[in-house]
Amino acid sequence: MTTTTSHTPEHTPEPEGPPSSESRSEGPAEGGGGPRAVRLIQNEVTTEIPVHLLFRDDPDPVSVPLAPAVVGRRRGTGEQPRIRRPAAGRPPRPVPEADPDLVERPARVLPGLAGVLAGTCGVAGCAVTSWWAGFLSTAVLDALHLPQVAGAGFGPAQWAAYAGAGTLGLFGFGGLARGRTGGAWVLGLFGRYRGTVRRTGLMWVNPLVLRRRVDVRLRHWRSEPMSVVDANGVALRVVVLVVWRVKDTARATLGVDDHQTYLRECVEAALSRVLSQQPAELPPAVVKDLTLRNTDAVGEALTRMVAADTAPVGLEVFSAQPTRIEYAPEIAAVMQRRRIAALDAQHRDSVLGSVVDSVEDTVTRLTMRGLVELDDYERKALVKDLTVAFCTGRGEVSS
């Protein structure tokens, strides 16, 4: 595309048609009294700026609407570049959320001695009431060295004394509990969480509350062989060892139906996501860190995913390591034959390379030392015989 220039007087529209020879001259127009010509490029686009914007007394800046600037265009075409909008990022995977108010807190309990004293007082009150009502036999009175009194029978006073003493005895002995090391009690009253008891030894707990025993020791779980697929769609069987414990007893007991079943399902889901991102095997030339043989990287990714999924329900996962990764039985034989064939091909390549190096070294030494003088035909024959001899010797040694 050629660019031509023309001289056009100011405020005079450019005439249509091809430019004349006079318009292509670069000097001023004939007759000095004529208007001064202005050089324009035919394919140039200009924009007029109002004069009142160039000469203003107002020092304040004036906002002028500007058209969007063109960053670049393809040469030879009038195509405008496409505006690339930022791609919308993938929304993050939703994380399970537990009730924020459901957090472990200590429950109110009393020492076990208080329950024993209350129960003893209740039993003693029942015995005194029976003596007062005259229901104790002579043998019991003689054994306890109590005087014989006339039986007053069961009246309202006796019934009230029996009820109070019996209630005190039931509450005293019924609330006794034994706390064990590595265990905790989750208490609930009428469907409401009342706290967690992590104390050990004999203690007294309100007998009206519902107790749920939770194991808070460090635990491990070895899974059964789980079926997954790798990045190439090859079926695998994986066994995982998970080390975990209950950190928040309230959420582990009340925030989920069964925290052990929930942990197992989270491990299975995370295992399918991690192992489907990498292949089980790659050619020997490829770095082994990119396969599932890198158990350290696989274990770290698996632990991170399982810990993130189980943290909202009060579980703390320390380690989730695959202990065994093997092919599924239906394809194990095929993959074994494929692996043997690859090893055999690799062995043949190494043997052939060593044989070629040995033959070349032998022929070079014989020639350089002047022991033999060979033409092309004899050299080829010697190379052939040495190759056969070396390959036969290698085969006998390897067998």
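How many bridges join E3 to strand E7? Two bridges do, and E3 and E7 (residues 201-204) run antiparallel. The views below show a predicted model, in which local features need pLDDT of at least 70, side-chain atom pairs count only at pLDDT 80 or more, and totals for chains, interfaces and linings use all residues. Residues are numbered from 1 along each chain as its sequence is written, and side-chain values use heavy atoms, with hydrogens and water left out.

**View A. An open sheet of three strands.** The strand order is E3-E7-E4, with antiparallel pairing. Strand E3 (110-111) and strand E4 (176-179) are the edge strands, each pairing on one side only. Pro-111 stands opposite Met-203 in E7. Strands (E, at least two residues) are DSSP runs, numbered from the N terminus. Two strands pair if DSSP finds at least two bridges between them. Strands of a sheet pair through backbone hydrogen bonds, either parallel or antiparallel.

**View B. A hairpin of E10 and E11.** These two strands pair in the antiparallel sense over four bridges. Five residues lie between them, and Gly-233 in the turn has a positive phi of about 80°. Val-229 stands opposite Ala-235 in E11. Strand E10 (residues 226-229) has a covered face, Met-226 and Val-228, and an uncovered face, Ser-227 and Val-229.

**View C. Leu-236 in strand E11.** This strand spans residues 235-246. Leu-236 has a relative accessible area of 2%, so it is buried. Buried means under 20% relative accessible area, exposed over 50%, and partly exposed in between (1.4 Å probe, protein chains only). Pro-329 is 93 residues from Leu-236 along the chain, yet their C-alpha atoms are separated by 8.7 Å.

**View D. Phe-190 in a loop.** The loop runs between strand E5 (183-189) and E6. Phe-190 has a phi near 55°, a positive value in a residue other than glycine. Its relative accessibility is 79%, so Phe-190 counts as exposed.

**View E. A patch of positive charge on the surface.** Arg-105, Arg-108, Arg-192 and Arg-194 gather here. Patches are made of residues with over 30% relative accessible area and no salt bridge; like charges are joined within 9 Å, and nonpolar side chains (Val, Leu, Ile, Met, Phe, Trp, Tyr) within 5 Å. A salt bridge is a side-chain nitrogen of Lys or Arg within 4 Å of a carboxyl oxygen of Asp or Glu. Arg-194 lies in strand E6 (residues 192-197). At 39% relative accessibility, Arg-194 counts as partly exposed.

Methods. Areas by Shrake-Rupley, 256 points an atom, 1.4 Å probe, with all protein chains shown as cover. Lys, Arg positive; Asp, Glu negative; His and termini not counted. Charge placed at Lys NZ, Arg CZ, Asp CG, Glu CD.
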